[in-house]
Amino acid sequence: MDKGLAVPQDCRDFLHSLRMRSKYALFLAFVVVVFVFIEKENKIISRVSDKLKQIPQSLADANSTDPALILTENASLLSLSELDSAFSQLQSRLRNLSLQLGVEPLAEVQGQGQGEEQKPPRPPAATPRRHVLLMATTRTGSSFVGEFFNQQGNIFYLFEPLWHIERTVAFEPGGANAAGSALVYRDVLKQLFLCDLYVLEHFISPVPEDHLTQFMFRRSSSRSLCEDPVCTPLVEKVFEKYHCKNRRCGPLNVTLAAEACRRKEHMALKAVRIRQLEFLQPLAEDPRLDLRVIQLVRDPRAVMASRMVAFAGKYESWKKWLAEGQDRLREDEVQRLRGNCESIRRSAELGLRQPAWLRGRYMLVRYEDVARQPLQKAREMYGFAGIPLTAQVEDWIQKNTQATRDGSGIYSTQKNSSEQFEKWRFSMPFKLAQVVQAACGPAMRLFGYKLVQDAAALTNRSVSLLEERGTFWVT
């Protein structure tokens, strides 16, 4: 830096002091808001005190010093996000207490705060608001299973919103970078579950203007983004890359989508980029979400066969190995396959162990079981999520799993599911099946996929490659 532009020490000290004052002023303002809120809620409690013989313990808990508001040992302030989380949790506890006492919370009795932005009201739900994450990897049938939630009118469903993050933020595979990407995905996921769809605007390219975008990935796969009032009148001569297919809509208005999200009774989201289940612990422990995780798996041999068709360019080395009859495949390709299978297996083992933070919140589903008994598995998934299944979804399943012929395209969700799920067996070379079995053996044994010892067993329709496991849902 040019010495002639150096800031004098006393100026630097003044700026530092000003910054510190601002921090403490912000913190003190937050504390004042908290105690004002408590005071108002206590006035509500006093109005019904004649109904109570004693103040409930939950009131003492709500008014006790919240650990989240205490300064750290070195007297440094907590981050704003932590303060916001602490305040939200305290506010939630006080609101629940008011409802238990039979009194409307103050903000609802007197109306929203003066001059505050009004949040769209959500219709009263028959069951508590649930947030469902369909956790899968590519080519496991997740688009098909995701439709079970997309087709229900009271669920706000998003299809692969994390695609935008992967396209925008560059992460190298493995090590700290893999953990970093998982943290980014998790934080975005949390905001989406809270209907903060604006978080996606930072990752959509080009950046939306006035909260309008023509580039929301696979918008047509989310009914909630293509129905009223989110579907705005079509704007002529405006190209939308991922347009709604069944009706003509204008560019997606993120504000209208966020409002629609808040109005729906429940929310579901499909993601193939969440690999480590343990990273979801903060979401599972967030009382605002009541999260349910459904991990969808599929026979790795079927996944490989499907990926070699859908993502042909990424599997040129595999095709060359098969075509030229070479004895050995590139080791890095095998290691990548093994790593993917191990990641899936470790997450499933964690979920099936049912640690305290995940108890009652995890369900493992095999795609093959869904394909064979789609309606039964849909009922099981909805039962696990605690959401009543509607006739609307049942009708969709009946019409789209018993098609006379499969829908066109590798991404189609219309198919004769009971016949389609084993087609890979009759096109996969046994040599390729052997490599997949060697790399993914532990995962296959956990999920109940039988290994084959020769080409005849692979193509024998009378030999099932599935062990009967019933349901993997553990309460």
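Author: Let's start with what counts as a helix here: helices are DSSP runs of H or I with at least four residues, numbered from the N terminus. This is a predicted model, by the way. With that in hand, take H14, residues 374-385, which is followed by glycine 386. The phi of glycine 386 is positive, near 75°.

Reader: How many residues does helix H14 have, and what does it reach from its first C-alpha to its last?

Author: For a helix, the expected span is 1.5 Å times one less than its number of residues. H14 has twelve residues and reaches 16 Å from first C-alpha to last, close to the 16 Å expected.

Reader: How many residues of H14 are buried?

Author: The cut-off to keep in mind is that buried means under 20% relative accessible area. Nine of the twelve residues of H14 are buried, so the helix is largely enclosed by the rest of the structure. The buried ones include Lys377 and Glu380 as well as Leu375, Met381 and Phe384.

Reader: Now the rings. How many aromatic pairs does a search of the whole structure find?

Author: A pair of aromatic rings is described by the distance of the centres and the angle of the planes. The search of the whole structure turns up ten aromatic pairs. One of them joins phenylalanine 144 and tyrosine 367, with 6.5 Å centre to centre and 80° between the planes, which is edge-to-face. Phenylalanine 144 belongs to helix H5 (residues 142-150) and tyrosine 367 to helix H13 (residues 367-372), so this pair links distant parts of the chain, 223 residues apart. Phenylalanine 144 is buried, at 3% relative accessibility, and tyrosine 367 is buried too, at 2%.

Reader: Why is the pair of tryptophan 318 and tryptophan 321 edge-to-face?

Author: Planes over 60 degrees apart count as edge-to-face. The planes of tryptophan 318 and tryptophan 321 stand at 90°, with the ring centres 6.2 Å apart, so the pair gets that label. These two are about one helical turn from each other, because they sit three residues apart in helix H11 (residues 316-324). Tryptophan 318 is buried at 1% relative accessible area, and tryptophan 321 is buried at 2%.

Reader: Which residues do ring pairs link into a cluster?

Author: Back to phenylalanine 144: ring pairs link Phe144, Phe148, Tyr367 and Trp396 into a cluster.

Reader: What sits over the ring of phenylalanine 159?

Author: That would be the charged end of lysine 270, 4.4 Å from the ring centre. You'll also find lysine 314 over the face of phenylalanine 311, at 5.7 Å from the ring centre.

Reader: On to the loops. Where is the place of glutamine 152, and is glutamine 152 buried or exposed?

Author: Look in the loop between H5 and strand E2 (155-159). Glutamine 152 counts as buried, at 1% relative accessibility. The glutamine 152 side chain makes a polar contact with the side chain of threonine 390, at 3.0 Å. Beyond its neighbours within four places in sequence, glutamine 152 is in contact with residues including Tyr382, Ile387 and Val393.

Reader: What does the side chain of arginine 130 reach?

Author: The backbone oxygen of alanine 385, at 3.1 Å. Alanine 385 is one of the buried residues of H14. Arginine 130 itself is in the loop between helix H4 (106-109) and strand E1 (131-135), and arginine 130 is buried at 13% relative accessible area. Leaving out residues up to four places away in sequence, arginine 130 touches Glu265, Asp290 and Gly386, among others. Gly386 is where we came in: the glycine with positive phi that follows H14.

Terms used: Residues are numbered from 1 along each chain as its sequence is written. This is a predicted model: local features need pLDDT of at least 70, side-chain atom pairs count only at pLDDT 80 or more; totals for chains, interfaces and linings use all residues. Side-chain values use heavy atoms; hydrogens and water are left out. Rings of Phe, Tyr and Trp (its six-membered ring) pair if their centres lie within 6.5 Å; planes under 30 degrees apart count as stacked, over 60 as edge-to-face and the rest as tilted. Buried means under 20% relative accessible area, exposed over 50%, partly exposed in between (1.4 Å probe, protein chains only). A charge sits over a ring if NZ of Lys or CZ of Arg is within 6 Å of the ring centre and within 35 degrees of the ring normal. A polar contact is a pair of N or O atoms within 3.5 Å; within protein, one must be able to donate a hydrogen and the other to accept it, and residues adjacent in sequence count only if both atoms are side-chain atoms. Contact means heavy atoms within 4.5 Å.
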